[in-house]
Amino acid sequence: MVAAPIFGYLGDRFNRKVILSCGIFFWSIVTLSSSFISKEYYWLFVLSRGLVGIGESSYSSISPTIIGDLFTSNSRTMMLSVFYLAIPLGSGLGYILGSSAKVAAGDWHWALRVSPVLGITAGTLILVFVPEPKRGSVDQMGGRIKTRTSWLCDMKALAKNRSYVFSSLASAAVSFATGAFGMWIPLYLARAQVVQKTAEACTKEICSSTDSLIFGAITCVTGLLGVVIGAATTRFCRQKTERADPLVCAVSMLGSAIFICLIFVVAKKSIVGAYVCIFIGETLLFLNWAITADILMFVVIPTRRATAVAFQSFTSHLLGDAGSPYLIGLISDALQQSYATSALWRFLSLGYALMLCPFIIVLGGMFFLATALFFLDDREKAEKHCPAMPTMVPTLQDSESQKCSGADTSCSSHQFVKVCLLRLLPATAPLIPAFIFSSFKHQRCAPTGHGSRSWP
C-alpha cells in the first residue's frame with residue numbers, strides 16, 4: 001500500500017517493464033530468504049512477509065497502464081478482465097501449490113522456496129519479451145507527449161477529476177467489504193452452526209473448520225465469474241448508453257448489498273442458504289474489478305495513469321481492507337461484553353457488526369452513480385488533448401463485433417498474453433504462505449508545450 005504511490009510516480013516517467021521486473025525480483029528474493037528464518041526471529045519473518053507488498057505494488061500499479069497502451073474500447077475492457085481474472089485464480093492456485101509443496105517435502109518452508117520460481121520466471125519473461133509501448137500510442141497521443149508535468153501537478157489534476165475520485169472511493173468500499181468478509185465470515189458461519197446445534201463450540205486456540213475452505217473456494221469462483229459477467233454486461237450496455245461502465249458498477253454494488261444483508265437473515269436457520277447468498281452477493285460485488293480500471297483509463301491521460309492506479313490502490317487499502325477487519329471485530333466485542341458466555345449473542349453480535357458492510361457497499365454504489373454523472377465530461381476533457389483520437393466508448397452505431405484497430409492487432413494480443421504474466425504468476429505465489437503463517441507463529445505545474453491549460 002505504501003509503496004504503490006512510489007511505483008506510480010516511477011511508472012509514469014521511466015521504463016515500466018524494468019520497474020516491474022525489479023519489483024517482482026525483489027519480492028521473489030525476499031520470499032525465498034524468509035523461508036530460512038528461524039522461529040527465534042519471528043519479527044524478521046513478519047517484516048519479510050510485509051515486504052512482499054513491494055512486488056505487488058509494482059505490477060498492480062503499472063501493469064494496467066501497459067494494457068491501456070495496447071488496447072482501446074471493448075478490446076481493452078476484455079483484456080483488463082482477463083488480467084484481473086488472475087486475482088481469484090492466483091488466490092486459489094496459491095493455496096493449492098503451497099499445500100502440495102508442503103505435503104511433498106514434509107516441510108512448510110518449501111512453500112516459500114517453490115513460489116519464488118514463479119516470480120523470477122514472470123520477471124524474466126517481462127524483461128526479455130514484453131515490449132514497452134509508448135504512452136498514449138493507442139490513443140494516438142504518442143507524438144503529442146513532449147513534456148511531462150510535475151508530480152504535484154498530476155496530483156492536483158487527479159483531485160479535480162471527479163470521476164476518478166468517486167470511482168476510487170467506490171473501490172475502497174469494495175475493499176472494505178471483502179477485507180471484512182475474508183476475516184470474519186468463516187467464524188460467523190461457524191458460530192451459526194453452533195447456534196443451530198449442528199457443531200460444537202470450539203474452545204481451542206486454533207480451530208479446525210471447513211468454513212474457511214468453502215468460503216475461499218466460493219471467493220475464487222465468484223471472482224472469476226464476476227469479472228467475466230462484468231465485462232460481458234458492460235460490453236452489451238455500451239450499445240445502449242455511454243455511461244454504461246459506472247452504471248453497471250453501481251447496479252451491481254446495490255444488488256450485492258441486498259444479498260449480503262440476506263446472509264444475516266438466513267444464517268441462523270440455514271448454512272446452505274447463507275452460502276447461496278454469499279455466492280450471489282460476492283459475484284455482484286466482484287463485477288466492477290476490471291470496469292473500475294477501465295473507467296480510469298477513459299478519464300485519465302496516459303502520462304498520469306500509473307500514478308492514478310497507484311493512488312486508487314492506496315486509497316482502496318487505506319480506507320478499505322487495512323482497517324475493516326479490526327473495526328468489525330471491535331464493534332462485535334463491544335456488543336457482546338454483557339453476554340460473553342452466550343453462544344447465541346456471540347453469533348448475533350458478530351452479525352450485527354458485519355451488517356456495517358452492506359451499508360458501506362450501498363455507499364460505494366452511490367459513489368459509482370456520482371461517477372456516472374461526471375463520466376462523459378471527464379472523458380471529454382481527456383480526449384480534447386487528442387482531437388484525432390477516435391471515440392473511446394462505442395456509441396449506438398458501433399458494432400459489438402468491431403474489429404481491432406491501430407494498436408489492437410494480433411501482435412498486441414500476443415504481447416498481452418505475455419503481460420498477463422505480470423498478474424497470474426506473481427499473484428499466485430504471495431498467497432501460498434497464507435495457510436502456513438500460523439504454523440510458524442502463532443510531490444507550480446509546468447506548461448505542457450501544447451497550451452496554457454494543464455491536462456485534466
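Student: Does phenylalanine 314 count as buried, partly exposed or exposed, and what is its relative accessibility?

Tutor: In this predicted model, phenylalanine 314 counts as partly exposed, because its relative accessibility is 23% and buried would require a value under 20%. Phenylalanine 311, by contrast, counts as buried at 17% relative accessibility. The rings of phenylalanine 311 and phenylalanine 314 form a pair: their centres are 6.2 Å apart and their planes stand at 65 degrees, so the arrangement is edge-to-face. Both residues belong to helix 13 (residues 305–319), where a spacing of 3 residues separates them by about one helical turn.

This pair may be set beside the others. The structure holds 8 aromatic pairs. One of them joins phenylalanine 298 and phenylalanine 375, again edge-to-face, with 5.8 Å from centre to centre and 80 degrees between the planes. Here the pair links distant parts of the chain, for phenylalanine 298 lies in helix 12 (residues 289–299) and phenylalanine 375 in helix 16 (residues 356–383), 77 residues apart. Phenylalanine 298 is buried, with a relative accessible area of 2%, and phenylalanine 375 is likewise buried, at 0% relative accessibility.

Two further features concern aromatic rings. Phe166, Phe367 and Phe374 are linked into a cluster by ring pairs. Finally, a ring may also have a charge over it: the charged end of arginine 113 sits over the ring of tryptophan 110, at 5.1 Å from the centre of that ring.

Methods:
Residues numbered from 1 in each chain as written. Predicted model: local features only at pLDDT ≥ 70, side-chain atom pairs only at ≥ 80, totals over all residues. Heavy atoms only, no water. Phe/Tyr/Trp six-rings, centres within 6.5 Å; stacked < 30°, edge-to-face > 60°. Helix = DSSP H or I, 4+ residues; strand = E, 2+ residues; numbered from the N terminus. Buried < 20%, exposed > 50% of the residue type's maximum accessible area, 1.4 Å probe, protein only. Lys NZ or Arg CZ within 6 Å of the ring centre and 35° of its normal.
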